[in-house]
Every structure is written in structure tokens, then in C-alpha cells.
Amino acid sequence: MAVERLRSKYGLDTHNILNVRKEHWNHNTPLLYEDIIKNGEGHLMHLGPIAVRTGLHTGRAAKDKFIVEEPSSKDNVWWGKVNKPVSQQVFDNMFRRLQAYLQDRDVWIQDCYAGYDKRYRLPIRVITIRAWHSLFARNLFIQAKPEELVDHKPEFTILHAPNFQAIPEVDGTNSEAFILLNLAKKLVLIGGTSYAGEIKKSIFTVLNYLLPLDNVLSMHCSANVGEKGDVAVFFGLSGTGKTTLSADPKRKLIGDDEHGWSKDGVFNFEGGCYAKVIKLSKESEPEIYETTRKFGTVLENVGYDSITRRLDLNDDSLTENTRAAYPLSHIPNALKESMGDHPKNIIMLTADAFGVLPPISKLTPEQAMYHFISGYTAKVAGTERGVTEPTATFSACFGAPFMVLHPSRYAELLAEKIREHKVNCWLVNTGWTGGPYGEGHRMPIKHTRALLNAALSGSLNNAEYQTDTLFGLQVPKSCEGVPDEELWPRNTWKDKNAYDEKARKLAGMFVENFKQFEKESSAEIKNAGPKL
């Protein structure tokens, strides 16, 4: 009877999935631990986390993600390198093959939600053939209450079969891995990769399609709130510091990666965090560090001693992209409802591999839009397959791989909200200083935190600024806790001519990249970029 209460009346036959061996509905964390260990999917670590391996794919398979081109959505989708079309026939053939593959196999089902604001909350279902992926889904999404489960009707479903490999010549995919999103059928098919990040980013992609059409801005960002209720939003790609910098003991965490901004404020899409943990230290990131020592945390590709089962967070032998997936409750200062007011500050994080951008600069609303649309950063080693060292890149809206609509749709929504709520905007470089990657060094996190504290407290609003004539950025001349010479990046380089050359090169990349957005951008936004 207890098991039946956890099972939705909208069963697997709703998806035309039949003849599976055993259905494991909405198992809790202890039951999933038992399944994982019994199935040999992972190992129990010292103090209680579970360690798993993802095999060949230790990051997102960006080239293997496709959206079905169909009448209801094709005119809204921003087709191109990011959103690559696939035919309905390809999708239907793959779905039929997966239906056959699942027969006589155990499947784990998690019914949950995406979005803490109940007006925009999306009921979802994750069906997978591995218990540890079910635990990942339970950690990362918002858990349904037991009394909600029997009537849980998913609006979107993920069918996840990591061991099932596509045959490109037969299936029309790019490789053996595939992530196929069908917006009309409200179904995502994932196979050929065990990297769990594909599960969470698929639902994020769905929300990035649905919410802006309802005038809600979807954001690839972290968010926290101060004692006075002041909300801060941190935009940035993986590796730029969204998770680390938002986990501030002095502020309450709303969420670390995905949020919506409605007419009432900011709300988290997720019920957990998916943090990079390579070289994580107790001293610099105490709250995230503690999550790697807790029952319920899933550790992807993290090194450990096979005898003592103690972790080695410095071990990058499998990947630089080691991850911990844990529920928000593992962070002591996380908000239970994960919602906040309208932001007072927006921070755009960039890991500048050229080492020429200031550690912090204040942006005008027009500059904020320019940098939001540009989304400059560096792809950090291991985040995507084939990326072995930081590489300069531009990712529109600081999350182009997950943006389904044209970037201007998100930019227009952001601009409206910045003006309406008079938000302070900042560009923060968490990347390199003193030289480019390979010559300079990574920005000290204690200095970044000092600058952010000054921005969020309001003390930087009254600082004296100087203008970078090339990028047009307003740079503070001083900030408590940060050496003055570090605020002006040119001062940190031994070879000033080399700095000037790199700065001009990066400025040129900004200008060249923005050409693709000029038709949809106002003159004020276009003029907010670098002046060559």
C-alpha cells in the first residue's frame, strides 16, 4: 500500500512504455542507495556520499543535442549551431528503438517539479535505467510531496538510457550519444552518455523555451539574498564561479544555476545544486566542501582511495569536470522556498583567459545588455568533451547552449526588468590576471569576494572610478581588501605592450562577435561595446 501511494496513476503506459521488468517508483534516497550498491553502479564513500563514474562522457555532448523541427515551435526556435534541427521521423524511430530496448529491464521513475513559483512550476518525470541517475534527478529537481504523487501528471518527460547507443548512419545522429528534444510531444530522449548534467540541462532548455513566451525571464545564473532582503543574481557559464560565489555564509542561497524572474521576483528552477568540486578546499569554499561529506550527495568522477574510501578532490585523472550533485538542504543557509524579491544587483561573471578585463567594473544599462548578449567567458577544461584547457568563447545570454529562442528575446526581457527595478549591474572577471592563461594566474577568490561584498553592500556605489577607454568600463580606483594595482589589469602585467596587444585582440573579438546581433540591437547597445 505504501508503495502504491508513491506511484502516479499516470503510469508508464502513458508514454507507451510496456513490458518492463520492474518499475521503481519515486524511491527515496536510502532505497536508491541500496539499489545503486546492489547493482554495482557506485560505491559508498567515507561519511556517506556515493561515488559514480560516467565513462567516456565526462561533460556535455554539445554536438549531439538536437531539437525536433515541428509546426508548433519551429517559428520560435533560434535555429543554428546551438539549436540544430532533426526531423520528426528521426525522433520517432529513436523512440521506437528505445521502447523496445526498455522491455524486460528495470526502470527507475522520479516524478518531480521544475520551478519553485507554483504559477510557473513544470511537472516533470525522469525515467532511467540506472538508480544513480534517479538519485541525481531526485537531488536536482524539486521533490513532489507524497500526497501529490498519485495525481502527478508530467508535462515533460525525460527518457534516459545511457547504455543505449545510437548508430549515426541509421539513426541520423552525430555520434553514438544523443539528446533529442521534442517540444510538441513534451519528451526528451537521452542515450549514449552517462553524464548526468544532460538530464538537468534538458529541462533547463525546455524552461528557456516556455517561460519567456509567458513574459518570465529564464536565466542561467545563481542567486542569493542578504539580510535586508536584497537579491543578487550571478550570470555565468560553468567554471566562472556561479556556484562558489553564491554560496556565501553571510547571505541566503536561492539557487546556484537556473532561475526565473517573474513580475514578483526571482525563483529557483531546481531543488539542488550540481557543483564542480575539482581542487575544492575547506578554507575557500567551506559550504560546498561539506556537501562532499554528506549522505545523499552523488559524486561524479571524483577520485578516492579504494581502501579507505576517502576522497581526493585534487584528483583530475578522469576529468577536470568532477561534480557533486546534492539537495539544497545540504547547504545550511539555503532558502527553503528558494524565492526572492527583484534583484538589487546583477553580476555578470566572466573567466577572461586573455587576462585583460578588470576584476570588477560597473556597467551602464546599455553596457549590461551588450555584455549579456555577448556572454564572453572561457570554456573551462572538462566542461565539454574535447575541451582540455580554457578557450576564449562567446555564449549569448551566458548560456547559449540552453537558449532556444533568439538571444534578443531574453535580452529585451532583462532590459525591461533592469530599468523597471533600477538594478545595479557589474562585470566581474574571475579568470586570469598578470598575463593570459599559461602566463598569468587565476584571480584570487578572496579578492573577488571582497569586491563582491563591496558591490552588494553598496560601498562601491560611492567609489572613485576611472574609465578604460578601450572597453568603456568604469573601474574603481580602490576597494578594501584588494591591492589597488590589481584593480587596473594593465598594472599586473610585466610587459605593458603585450597587455595592450591582448586587449586590442579581445576588443576586436567582441566587435566581430556582436555583428550577428546588430540588426536586433539598438544604437545605444551597439555603442556600449569596445571602441577600437
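The model is predicted, and its residues are numbered from 1 along the chain as the sequence is written. Two packed helices are described by the angle between their axes and the distance between those axes. Helix α4 (residues 131–140) takes part in a packing with helix α7 (residues 197–210) and in another with helix α2 (residues 29–38).

**Helix α4 with helix α2**

- The axes of α2 and α4 lie 8 Å apart, and the two helices pack at an angle of about 155°.
- Angles over 145 degrees count as roughly antiparallel, and α2 and α4 are therefore roughly antiparallel to each other.
- The crossing of this pair, α2 and α4, is left-handed.
- On the α2 side, Thr-29, Leu-32, Tyr-33, Asp-35 and Ile-36 make the contact, while α4 contributes Ala-131, Trp-132, Ser-134, Leu-135 and Arg-138.
- Sorted by class, the contact of α2 with α4 holds 6 nonpolar, 2 polar and 2 charged residues.

**Helix α4 with helix α7**

- Helices α4 and α7 have axes that come within 9 Å of each other and cross at roughly 45°.
- Because of this angle, α4 is oblique to α7.
- The crossing in which α4 passes α7 is right-handed.
- His-133, Phe-136 and Leu-140 of α4 meet Gly-197, Ile-199 and Lys-200 of α7 in this contact.
- The contact of α4 with α7 comprises 3 nonpolar, 2 polar and 1 charged residues.

**Helix α10 with helix α14**

- Helix α10 (residues 365–374) packs with helix α14 (residues 496–514) at an angle of about 80°, and their axes are 10 Å apart.
- Angles of 65 to 115 degrees count as roughly perpendicular, and α10 and α14 are therefore roughly perpendicular to each other.
- The residues in contact are Tyr-370, His-371, Ile-373 and Ser-374 of α10, together with Phe-510, Val-511, Asn-513 and Phe-514 of α14.
- In the contact of α10 with α14 there are 5 nonpolar residues, 3 polar residues and no charged residues.

**Cavities**

- The model has 2 cavities of 30 Å³ or more.
- Helix α12 (residues 445–457) provides the largest share of the lining of the largest cavity, namely 4 residues.
- By class, the lining of the largest cavity has 4 nonpolar, 2 polar and 2 charged residues.
- The second largest cavity has a volume of about 40 Å³, and Lys-65, Ile-179, Leu-181, Val-188, Ser-202 and Thr-205 line this cavity.
- At least two lining residues of the second largest cavity come from each of β10 (178–182) and α7.
- The lining of the second largest cavity is made up of 3 nonpolar, 2 polar and 1 charged residues.

**The second largest pocket**

- About 500 Å³ of space lies in the second largest pocket.
- Its lining has 23 residues, and those nearest the centre of the pocket are Tyr-116, Ile-142, Gln-143, Lys-336 and Glu-337.
- The lining of the second largest pocket divides into 11 nonpolar, 5 polar and 7 charged residues.

Terms used
This is a predicted model: local features need pLDDT of at least 70, side-chain atom pairs count only at pLDDT 80 or more; totals for chains, interfaces and linings use all residues. Side-chain values use heavy atoms; hydrogens and water are left out. Axes are lines fitted to C-alpha atoms, for helices over the stretch in contact, and angles run from 0 to 180 degrees between N-to-C directions. Angles under 35 degrees count as roughly parallel, over 145 as roughly antiparallel, 65 to 115 as roughly perpendicular and the rest as oblique. A crossing is left-handed if the near helix is turned anticlockwise from the far one by less than a right angle, and right-handed if clockwise. Contact means heavy atoms within 4.5 Å. Ala, Val, Leu, Ile, Met, Phe, Trp, Tyr, Cys and Pro count as nonpolar, Asp, Glu, Lys and Arg as charged, and the others, Gly among them, as polar. On a 1 Å grid over the protein atoms alone, a cavity is a set of points where a 1.4 Å probe fits but cannot get out, and a pocket is an open set with protein on both sides within 12 Å along at least five of seven lines; lining residues have an atom within 4 Å of a point. Grid points are joined across faces, edges and corners, and a volume is the space filled by probe spheres set on the points.
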